[in-house]
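Please read it with the model open.

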Amino acid sequence: MTYKGYELPRLIQGKLVKRYKRFLADIELETGEIVIAHCANSGSMRGCATPGDPVWISQSDNPKRKLKYTWELIQSKDSMIGVNTQVPNKLVKASIENGLIPELKEYTRVTAEVKTSDHTRLDLLLENGAENKCYVEIKNCTLVEEGVAMFPDAVTTRGQKHLDELVDLKRQGHRAVIFYLIQRMDAREFTPAAMIDAVYAQKLHHAVENGVEIMTWDTDIDTGCIAIRRSVPVRL
């Protein structure tokens, strides 16, 4: 069976009342009931957390969970947006394993959450034999303004450290990739958000100059599935 993408659980529609304390969101259901949903997104969510916009949440039957709802999607005026940051790693890993990323088709083994130094883990290690290794760090991108996708949407010292780690791995002779998954459908190009995190933008330039590859793919999103769609041009 051909892999089609990350299948979403059954979703419940509502509208966003407000997002607060970073990980919480009040959602008004179609019945008028207001529920609290977990927001699995630590960024600012600039441009994708507008009160009143339609949203979709999933419901868990795990009795140990403090909040039974999770915020999954929001419909902005320009695009459906996936806001759950747990999706990109799963989607990109499965897409690579199923040969949907042409630049990464040569690898026969994909391992998630690989420790690369004392204090750093990267998202994926791709291997094809003992010597052919490729390290991939995946970033969730939801900030799009006037057709330009940007990362990050908040200052990220952790993201800066990941770029430094990729540079080190490249210097050791390995292939190193920073992979931006744009969980939207309205991006024409990608660029680092220097106006938000100038240090991150500088480190991304430095990484590219030292052989780290940038890959940027957008997604096709509906209430049933989030799927890899197409490569988006990069402008540094």
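1. Asp-197 caps the N-terminal end of α3. One of its side-chain oxygens sits 3.3 Å from the backbone nitrogen of Val-199. This is a predicted model: local features need pLDDT of at least 70, side-chain atom pairs count only at pLDDT 80 or more, and totals for chains, interfaces and linings use all residues. Residues are numbered from 1 along each chain as its sequence is written, and side-chain values use heavy atoms, with hydrogens and water left out.

2. Helix α3 covers residues 198-209, twelve in number. (Helices are DSSP runs of H or I, at least four residues; strands are runs of E, at least two; both are numbered from the N terminus.) From first C-alpha to last, α3 reaches 17 Å, close to the 16 Å expected at 1.5 Å a residue. The expected span is 1.5 Å times one less than the number of residues. Just after α3, Gly-211 takes a positive phi of about 100 degrees.

3. Which residues of α3 are buried? They are Tyr-200, Ala-201, Leu-204 and Ala-207. Buried means under 20% relative accessible area, exposed over 50%, partly exposed in between (1.4 Å probe, protein chains only). Seen down the axis of α3, the buried residues fall within an arc of 120 degrees, so they line one face. The arc is taken from the directions from the helix axis to the C-beta atoms. On the other side, Gln-202 and Glu-209 are exposed.

4. The structure holds zero disulfides (cysteine sulfur pairs within 2.5 Å). The sulfur of Cys-48 is 8.6 Å from the closest cysteine sulfur, in Cys-39, too far for a bond. Cys-48 is buried, at 1% relative accessible area. For Cys-141, the nearest cysteine sulfur is that of Cys-48, 9.5 Å away. Cys-141 is also buried, at 0% relative accessibility.

Note on methods:
A polar contact is a pair of N or O atoms within 3.5 Å; within protein, one must be able to donate a hydrogen and the other to accept it, and residues adjacent in sequence count only if both atoms are side-chain atoms.
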